[in-house]
Amino acid sequence: MSTTILVVEDDGLIRMDLVDILIDRGFAVLQAGNADEAIEIMEQTPLIHALVTDIDMPGSMNGLELARHVAETRPECAIAVISGRYSPSQGALPAKARFLSKPVSEEAVARNLAELGITER
Amino acid sequence: MPLANPDCHRLFRDHDWSTSPLGAMDQWSVELKTLTSVMLGSLQPMLIVWGPSQVTLYNDGYAAMCGARHPKAFGQSFQSLWHDIWEDVEPIITAAYRGAGTSMDDIEFTMHRNGYPEETHFAFSYTPVRDPWGTVLGMFCACTEITTEVMTRRAEKTLRDRFMQVFELSPGGIAMLAGPDHRFEYANEEYYSMIGASRDIIGKTVAEAVSEVVRQGFIGILDDVYRTGEAFVARALPIELNRGPEGEMQRRLIDLVYQPMRNETAAINGILVQARDVTELRAEEARQALLSHELGHRLKNQLAMVQAIASQTLRNAPDISTARKRLAERIAVLSDAHDTILEGGRGASTVRQLVDQMITLHDDPARPRIRIVGPNLKVGSRPALSVSLILHELATNALKYGALSSPEGSIDISWRVAGNARDRFEMEWKELGGPAITGPSTQGSGMRLISAGLNGTVNSNVKMVYEPHGLRCFITADLESFQKEH
């Protein structure tokens with residue numbers, strides 16, 4: 001079974017490209033346009049290895065809140081947060097989460113995921 | 001040796017004293033002889049008024065004060081000399097004749113001694129002169145010129161007034177405190193308005209006059225400056241001042257400087273306070289920082305968008321030269337959309353402006369084939385970029401494979417507010433009269449970019465339907481987020 005990654009990003013173009021990159025690298029990719037959609041997907045998907053999420057998104061919670069929620073409910077899930085804003089202040093991110101600044105390169109995404117122990121099988 | 005008073009010496013010598021009330025000179029009392037000798041030998045202006053008729057004698061120094069009345073006044077009565085100011089002079093000469101001397105610190109004369117009218121100042125003393133039995137014989141007056149001192153004092157005062165003005169005009173609050181208990185000696189208007197304009201502070205200590213600063217530790221700081229001589233400098237210091245219209249407390253931020261002031265022996269005897277209320281300034285700086293931060297954020301998001309477009313273009317292009325052309329076109333479309341966003345300020349572009357830009361690029365004005373219907377709808381800057389890009393991709397596709405590829409084809413574009421709650425944006429692209437197509441010829445990058453939907457909106461949806469008469473594309477999104485400026 002391949003490694004599953006959930007991509008959460010409200011910008012359709014950026015999400016599309018991120019999904020393409022990850023699929024090219026051999027990951028199984030699920031996608032959501034906001035945190036609420038992401039939570040719905042997670043409820044239906046028992047095993048998600050990593051969450052890659054934007055911060056500023058419409059909906060009932062933003063990407064930081066989603067990251068904290070996932071860190072609590074799925075401690076085994078690796079988390080990478082991407083934003084065009086300044087890096088979140090100390091403590092806003094879950095302990096093991098990675099922060100990437102927009103725009104991100106394919107290289108940076110792959111490297112950070114690998115450092116979190118996420119590689120395609 | 002030249003005589004001290006040549007002019008008056010001559011008058012004195014030539015005067016026919018025998019016809020004057022004083023009588024011939026050899027009949028004069030020893031007092032009068034002595035005083036005239038002193039007077040005519042002195043460089044100081046001197047005056048003698050003698051006898052009941054108040055005969056007036058003077059030297060060259062005094063003659064200069066008489067102006068044109070000299071030399072006629074010499075040997076005449078004192079009243080005839082000063083007839084025009086007799087009201088003022090009479091009481092003091094009368095007092096002298098009664099035995100009471102008078103001294104006057106500062107009398108102003110306009111003198112012509114240097115060939116032009118000149119303001120001069122003299123100090124006078126009228127001294128009664130008595131015979132050995134106590135009878136007043138006359139009055140002797142020695143004058144001291146104090147013009148230089150008066151002018152110096154005046155210049156100093158002018159300078160002091162100007163410095164005071166400097167303090168008053170200063171845009172910052174300035175106060176001077178005296179002594180170890182920090183008593184207000186001076187405060188400019190700005191200082192008053194900073195601490196609360198209606199306060200009465202001069203002569204009071206800081207602890208009395210601005211008592212709310214005591215618990216905030218400011219007296220301790222003043223004590224330190226007074227004791228150590230080291231200035232205190234602070235920026236954007238929070239302070240609570242009872243400065244409201246009803247004397248209520250307000251929190252302000254001030255730039256504050258306390259500097260020791262020293263006397264002529266360099267001992268500290270006061271503190272100069274300079275303070276500036278920077279509350280509004282700091283708030284403005286914070287707003288600016290937020291704004292530039294927000295701009296940085298937007299720029300990064302747009303770079304990420306361009307990166308995604310470039311990546312998608314390269315990924316799906318048949319060859320590099322096609323990719324280069326496609327990418328240049330797409331970036332140009334984003335750039336044009338930006339123009340409409342910037343033109344009217346934030347969020348001012350409308351759907352119609354964006355549609356018009358596409359038509360200018362892809363339709364022939366001599367033979368228009370694109371019809372549009374839609375209300376004047378504002379669109380936020382993020383969705384505006386997507387609308388422009390999607391319209392561009394649809395038009396490019398139509399030129400290649402769709403309605404615009406055959407001469408009879410045309411396109412209807414319409415947009416509206418939809419939904420039962422009138423909370424949806426809806427746009428329809430409808431191709432007519434083109435070649436029959438049943439599905440996308442290729443899953444090209446254009447189709448993929450279209451399917452990405454409207455950036456920055458909630459529940460954005462793009463639906464493509466391939467009908468016999470041509471492609472129909474429905475683009476919908478939540479209206480509020482479509483129009484919102486992020």
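This is a predicted model: local features need pLDDT of at least 70, side-chain atom pairs count only at pLDDT 80 or more; totals for chains, interfaces and linings use all residues.
Local features need pLDDT of at least 70 and side-chain atom pairs count only at pLDDT 80 or more, while totals for chains, interfaces and linings use all residues. Residues are numbered from 1 along each chain as its sequence is written, with chains lettered from A and ligands numbered from 1 in the order in which they are written.

Chain A contains four helices and five strands. Helices (H or I, at least four residues) and strands (E, at least two) are DSSP runs, numbered from the N terminus. Their order from the N terminus is β-α-β-α-β-α-β-β-α. Of the 121 residues in chain A, 42% are buried. A buried residue has 20 or more other C-beta atoms within 10 Å of its own, an exposed one 12 or fewer, and a partly exposed one falls in between, with C-beta atoms placed from the backbone. Contacts were also sorted by sequence separation; two residues are in contact if their C-beta atoms, placed from the backbone, lie within 7 Å. Among contacts in chain A between residues at least 6 apart in sequence, 60% join residues at least 24 apart.

Chain B holds an open, antiparallel sheet of five strands, ordered β2-β1-β5-β4-β3. Two strands pair if DSSP finds at least two bridges between them. Strands β2 (55-58) and β3 (102-111) of chain B form the edges, each pairing on one side only. On average, neighbouring strands of this sheet are turned by 25 degrees against each other, direction ignored. Axes are lines fitted to C-alpha atoms, for helices over the stretch in contact, and angles run from 0 to 180 degrees between N-to-C directions. Strands β4 (residues 118-130) and β5 (residues 136-145) of chain B run antiparallel and are joined by nine bridges. Here V129(B) stands opposite G138(B) in β5(B). Helix α5 (residues 86-97) of chain B lies across β1 (46-50), β3, β4 and β5 of chain B. This helix runs at about 25 degrees to β4(B).

Helix α13 (residues 381-400) of chain B is mostly covered, with 18 of its 20 residues buried.

S42(B) sits in the loop between α2 (30-41) and β1 of chain B. S42(B) is partly exposed because 15 other C-beta atoms lie within 10 Å. Not counting residues up to four places away in sequence, S42(B) touches A4(B) and N59(B). The C-alpha atoms of S42(B) and G61(B) are separated by 8.8 Å.

Between the chains, twelve residues of chain A are in contact with 20 residues of chain B.

Notes
The expected span of a helix is 1.5 Å times one less than its number of residues.
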